[in-house]
Amino acid sequence: MAGNGEDEENIYGRNKVQPFASTPTPGQLKEGKEPKVPLLSKVLGLEEFFSLEVWRASLAELLGTAVLVFALDTIVISTLQTETKTPNLVMSVLIAFVVAVLLLATYPISGGHINPIVTFAALLTGLISISRAAVFILAQCLGGILGALALKAVVNSGIEGTYSLAGCTVTIVAPGPHGPIVIGLETSQALWLEIICSFVFLFASVWMAFDRRQAKAVGRIMICVILGIVLGLLVYISTTVTATKGYGGAGLNPARCLGPAVVRGGHLWNGHWIFWTGPAIGCVAFALYVKIIPREHTHTYYINSLLTS
């Protein structure tokens with residue numbers, strides 16, 4: 001009975017998500033004493049700007065994002081260039097595999113974000129401080145640019161011009177019967193697609209990594225695989241359902257969209273704000289969803305299992 005009571009208490013007392021990185025864990029505190037850390041200091045986490053651990057993690061984010069952008073953009077270009085009958089399906093499967101592998105490589109060092117969407121969602125849900133989030137997103141953006149530069153260095157000018165380094169596009173200028181015309185997706189449609197896909201990505205997969213209970217039950221490898229599969233499915237859906245020439249599909253990673261835009265420029269900046277604003281709104285919606293869930297609802301299954309076992 002004593003053992004069961006202790007387990008049940010731990011379940012009730014455990015947070016749905018991990019505390020801020022700068023916040024002491026319960027095991028580090030003496031019983032009966034509450035930490036006297038100002039909320040503003042906890043949220044800002046300014047001391048993490050001087051943390052070697054944070055900068056080491058940011059290096060993993062930079063390299064991971066660079067490899068991600070290089071690999072994904074190479075997959076997009078090669079899939080389209082080979083003119084396969086089902087390019088969207090092939091591209092989505094390969095993207096799912098690459099994402100899962102890179103998450104496994106970076107997870108032990110930085111948590112495996114390699115995406116500003118994941119980092120911003122982690123900030124809004126209280127997993128990391130503002131300082132750590134700022135360092136990570138900066139590293140991811142630099143990584144996106146490095147990945148695009150690496151791709152530019154290995155492809156010829158013809159491929160670079162034809163595929164625009166596989167950058168994120170909403171519209172493009174194409175030749176028409178009476179001169180150049182703009183083709184693609186409407187701004188409102190593209191924005192809604194980014195919002196919805198970003199929320200689904202966080203809701204259907206990233207939440208497993210954020211929740212300690214699910215992360216422990218499912219396991220690191222399976223979580224990374226699920227993340228890759230969900231991302232691949234969203235890429236497939238966004239590029240298939242819309243099926244509009246000139247629209248490159250949901251970006252789902254602002255750093256990946258930023259890299260080619262900085263390196264290639266031109267029309268890649270048209271509507272670029274959509275690939276930042278949409279995911280940001282999706283992250284806010286996800287954070288609100290997380291905050292309104294009563295804690296006892298998220299633990300009902302586990303508590304009932306203890307009581308009936």
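Predicted model: local features only at pLDDT ≥ 70, side-chain atom pairs only at ≥ 80, totals over all residues.
**Notebook: helix α11 and its surroundings**

I began at the meeting of two helices, where P254, C257 and L258 of α11 touch F275, W276 and P279 of α12. Sorted by class, I have 6 nonpolar residues in this contact, with no polar and no charged ones.

Next I looked up how the two helices are laid out. Helix α11 covers residues 254-264 and helix α12 covers residues 274-292. Their axes lie 9 Å apart, and the packing angle is about 170 degrees. That angle makes α11 roughly antiparallel to α12, because anything over 145 degrees counts as roughly antiparallel.

Then I asked myself how many residues of α11 are buried. I found 9 of its 11 residues buried, so I put the helix down as mostly covered, with under 20% relative accessible area as the cut-off for each residue. My list of the buried ones reads P254, A255, R256, C257, L258, G259, P260, A261 and V263.

Which helices do the buried residues of α11 pack against? I noted α3 (52-81), α5 (116-124), α6 (130-154) and, once again, α12. Just past the end of α11 I stopped at G265, which takes a positive phi of about 70 degrees.

**A second stop: S92**

I moved on to S92, which sits in helix α4, residues 87-110. Is S92 buried or exposed? Its relative accessible area is 5%, so S92 is buried, the cut-off being under 20%. Setting aside neighbours within four places in sequence, I found S92 in contact with G232, V235 and Y236. I also checked the spacing to V76, which is 16 residues from S92 along the chain; their C-alpha atoms are separated by 9.2 Å.

**Stepping back to the chain**

Last, I took in the whole protein chain. I counted 14 helices and 2 strands. Of the 309 residues, 44% are buried. The chain exposes about 15900 Å², and carbon and sulfur atoms supply 66% of that area. I also looked at contacts between residues at least 6 apart in sequence: 76% of them join residues at least 24 apart. The S92 contacts with G232, V235 and Y236 are ones I would look at again on screen, along with the place where α11 meets α12 through residues including L258 and W276.

Terms used:
Residues numbered from 1 in each chain as written. Heavy atoms only, no water. Helix = DSSP H or I, 4+ residues; strand = E, 2+ residues; numbered from the N terminus. Buried < 20%, exposed > 50% of the residue type's maximum accessible area, 1.4 Å probe, protein only. Contact = heavy atoms within 4.5 Å. Areas by Shrake-Rupley, 256 points an atom, 1.4 Å probe, with all protein chains shown as cover. Axes fitted to C-alpha atoms, helices over the stretch in contact; angles between N-to-C directions. Parallel < 35°, antiparallel > 145°, perpendicular 65-115°, else oblique. Nonpolar A, V, L, I, M, F, W, Y, C, P; charged D, E, K, R; others polar.
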